Each structure stands twice: as structure tokens, then as C-alpha cells.
Amino acid sequence: MKTTLARWFDSDIGYSFRTSPVAMAAAAIAFVCVFCSVFAGWVAPHNPFDLATLELSDSRLPPAWSAEGSRKYLLGTDDQGRDILSALVYGARISLVVGLASVLLSVLVGVALGLLAGFRGGWIDGLLMRLCDVMLSFPAILVALLIAGVGRALFPNAHESLAFGVLIISISLTGWVQYARTVRGSTLVERNKEYVQAARVTGVSSLRIMRKHVLPNVLGPVLVLATIQVATAIITEATLSFLGVGAPPTSPSLGTLIRVGNDYLFSGEWWITVFPGAMLVLIALSVNLLGDWLRDALNPRLR
């Protein structure tokens with residue numbers, strides 16, 4: 001009997017993946033980034049946030065291939081003597097966790113409200129869609145900046161978990177709108193089909209129809225949108241951290257590392273900001289390429 005993975009590779013989507021070098025390369029890069037982030041404690045050569053191991057005498061060392069570099073620090077060190085490579089691994093973990101968590105929250109809220117609006121219609125549909133219009137009238141980054149800034153002001157001495165929670169909510173506050181509008185449009189089409197009408201005639205409740213019948217048929221566009229939105233959420237988190245209202249300073253993300261290195265960019269220590277910036281671009285690019293492939297693979301007209 002074939003395993004689930006083997007059946008997936010034999011499917012149309014698996015064939016599309018095997019025959020797309022761009023998708024395979026993007027998946028490999030994304031897998032390496034996620035693997036290194038999850039197992040940062042074993043992959044990173046140093047713990048950049050352990051103050052007992054930091055040596056200020058090793059601060060601002062260039063990469064190992066430079067004349068003044070050290071083989072101990074492959075990508076050099078920052079102003080506090082932290083290993084850049086290790087900081088990238090730990091920083092990417094924070095960026096990925098915040099990005100994935102914010103997208104997951106946006107999907108849960110957006111899909112639920114989109115299903116409700118599309119299936120019930122009437123004043124519920126009108127109210128939720130007007131709310132979406134209001135949310136879309138504000139730039140997403142400004143809304144996230146406002147919520148994150150207010151959260152920091154209200155809880156200046158909050159624990160890191162609360163700070164990350166505020167950050168995730170601030171990114172998700174506008175992210176759910178696209179899912180709600182997408183699911184609502186698909187639900188309007190599905191609710192008038194024969195299988196939904198048959199379920200209604202047999203006495204199936206509306207909640208069960210939405211959950212068992214309509215939801216599985218509208219998840220395709222949601223999956224594609226969520227894949228692409230992961231990269232957007234990571235960039236938004238990096239932007240907030242760069243502006244100083246994102247991840248806590250004690251647990252810096254890629255955006256925080258870029259902000260720290262920006263102070264030394266024009267003094268010759270280019271590696272402090274270039275490598276975190278390149279890591280951020282690499283993660284966002286790989287996720288976007290995977291999203292583009294998934295969109296084409298799920299839409300037979302684009303194959």
C-alpha cells in the first residue's frame with residue numbers, strides 16, 4: 001500500500017511540483033530556513049543572546065574570508081560581539097513564528113466571517129463587508145504600527161509572550177479581510193449548488209453544511225492566499241521591529257538586527273545589516289515562489 005507521501009507525489013499536484021525546478025528550489029530553501037530556525041539551539045554555532053559568552057573584544061569583526069576576520073565567526077560579529085550567523089538563525093525563528101501565527105489567526109477569523117457572510121447573506125453580509133471596506137481603507141502597516149505602539153505603551157514592562165501576542169494581533173487585524181472577502185465570494189457560488197440544496201432538504205443544519213460541505217470547497221484559494229501572506233506577515237513584522245515597536249529587544253528578530261546594523265552601514269561594517277537583510281529577502285522570496293506555484297497547481301487553467 002502506498003504511503004500518503006507517495007500518493008501525493010503521484011497526484012497532479014505532486015507531478016506539477018516534480019516538474020517545476022523553481023518550486024523545488026524554493027521548497028528546499030524554505031525547508032532549510034524552517035529547519036535551522038526550529039533547531040536553532042543545535043544548528044547555531046553560538047548562542048548570541050547568552051551574555052556570559054559574549055566578548056566585546058570580538059565586536060564588529062568582518063566575515064571569516066576577510067583579512068581581519070576570524071574563523072570562529074563565519075559571517076562576522078555585530079557591535080556587541082554576537083555571531084551574525086547565530087543571530088540570523090535565532091532571529092529567523094522569531095520572524096517565522098510571528099509570521100505563521102499571525103497568518104493562522106487571520107485565516108481562522110477571515111474564513112469564519114467569510115463563510116457566515118456568504119452563506120447567511122442579508123444584513124450580516126452587508127455589515128461584515130462594510131467592516132472589510134473600512135479595514136481596507138487604512139494602510140495595513142499603519143494599523144499594525146498603531147496597535148503595536150499602543151500595546152507597548154499600555155504594557156511597558158510586559159512579559160515577552162504578551163509582547164509577541166500584541167505583535168501577532170496587530171499584524172492579523174487587517175490580514176483577515178482578504179480571507180473573508182475571498183471565502184465570501186466562493187461561498188456565494190457554492191451555496192446555490194445542488195449538493196447544498198440537497199443537504200438543506202434532508203434537514204442538515206446550516207452550521208454543519210458550512211463546516212462539512214461548503215468549507216472544503218472554498219479552501220483552495222485560501223491555501224494559496226495564506227502561503228503568499230506568510231511572506232507579507234514576515235516582512236510586516238520586520239518593518240515593525242525595524243521601527244522599534246516589533247519584537248522585544250531581548251529577543252531580536254531579523255528586523256531588529258537590520259535596524260541595529262543600519263547604524264554601522266556607512267562606517268564600513270556592512271555585514272551587520274546586509275546579511276540579516278539578505279536572510280529576510282531569501283525567506284520572503286522562497287515563500288512567494290511557493291505560493292505562485294501552488295496557485296498554478298491548484299488552477300488547471302494556469303497549468
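Visitor: Contact means heavy atoms within 4.5 Å. With that settled, which residues is Glu190 in contact with, leaving aside its neighbours within four places in sequence?

Guide: This is a predicted model, and in it Glu190, leaving aside those neighbours, is in contact with Tyr195, Val196, Val214, Asn217 and Val218. Glu190 itself is found in helix α8.

Visitor: Is Glu190 buried or exposed?

Guide: Glu190 counts as buried, because its relative accessibility is 9% and the cut-off for buried is under 20%.

Visitor: Let's look at a helix. What does α10 span, compared with a straight helix?

Guide: Helix α10 covers residues 206-242, and a straight helix of 37 residues would span 54 Å at 1.5 Å a residue, whereas α10 spans only 46 Å between its end C-alpha atoms.

Visitor: Where is the kink in α10?

Guide: The kink lies at Leu215, shortly before the proline Pro216, and it comes to about 55°. Just after α10 there is Gly244, which takes a positive phi of about 95°.

Visitor: How far does α5 reach, then?

Guide: Helix α5 has 37 residues and reaches 53 Å from its first C-alpha to its last, which is close to the 54 Å expected at 1.5 Å a residue. After α5 comes Gly121, and its phi is positive, near 65°.

Visitor: Pick a residue from α5 for me. What does Val111 touch?

Guide: Val111, which is found in helix α5, touches Ser106, Tyr179, Val183, Leu215 and Val222, not counting residues up to four places away in sequence. One of these, Leu215, is where the kink in α10 lies. Val111 is buried, with a relative accessible area of 9%.

Visitor: How far apart are Val111 and Asp133?

Guide: In sequence Val111 and Asp133 are 22 residues apart, and in space they are 16 Å apart, C-alpha to C-alpha.

Visitor: New topic, the nonpolar core. Which residues touch the most other members of the largest one?

Guide: The largest nonpolar core has 51 residues, and those that touch the most other members are Leu88, Leu254 and Ile283. The elements giving two or more residues to this core include α5 (84-120), α8 (160-190), α10 and α12 (271-298), and α10 gives the most, with 13 residues.

Visitor: What does Ile283 touch?

Guide: Not counting residues up to four places away in sequence, Ile283 touches Cys33, Ala92, Leu96, Ile234 and Leu254. There is also a second, separate core of 9 residues, and among its members are Ala117, Leu128, Met129 and Trp176.

Visitor: You mentioned a cysteine. How many disulfides are there?

Guide: The count comes to 0 disulfides. Take Cys36, which is in no disulfide: the nearest cysteine sulfur, that of Cys33, is 7.0 Å away, while a disulfide needs the sulfur atoms within 2.5 Å. Another cysteine, Cys132, is buried, with a relative accessible area of 1%.

Visitor: Last thing, aromatic rings. How many aromatic pairs are there?

Guide: There are 7 aromatic pairs. In one of them, the rings of Trp270 and Trp271 have their centres 5.8 Å apart and their planes at 85°, so that pair is edge-to-face.

Visitor: Why is the pair of Trp270 and Phe275 called tilted?

Guide: The ring centres of Trp270 and Phe275 are 5.6 Å apart and their planes are at 55°, so the pair is tilted, given that planes have to be over 60 degrees apart to count as edge-to-face.

Note on methods:
Residues are numbered from 1 along each chain as its sequence is written. This is a predicted model: local features need pLDDT of at least 70, side-chain atom pairs count only at pLDDT 80 or more; totals for chains, interfaces and linings use all residues. Side-chain values use heavy atoms; hydrogens and water are left out. Rings of Phe, Tyr and Trp (its six-membered ring) pair if their centres lie within 6.5 Å; planes under 30 degrees apart count as stacked, over 60 as edge-to-face and the rest as tilted. Helices (H or I, at least four residues) and strands (E, at least two) are DSSP runs, numbered from the N terminus. The expected span of a helix is 1.5 Å times one less than its number of residues. The bend at a residue is the angle between axes fitted to the seven residues ending there and the seven starting there. Buried means under 20% relative accessible area, exposed over 50%, partly exposed in between (1.4 Å probe, protein chains only). A nonpolar core is a set of buried Ala, Val, Leu, Ile, Met, Phe, Trp, Tyr and Cys residues joined through side-chain atoms within 4.5 Å.
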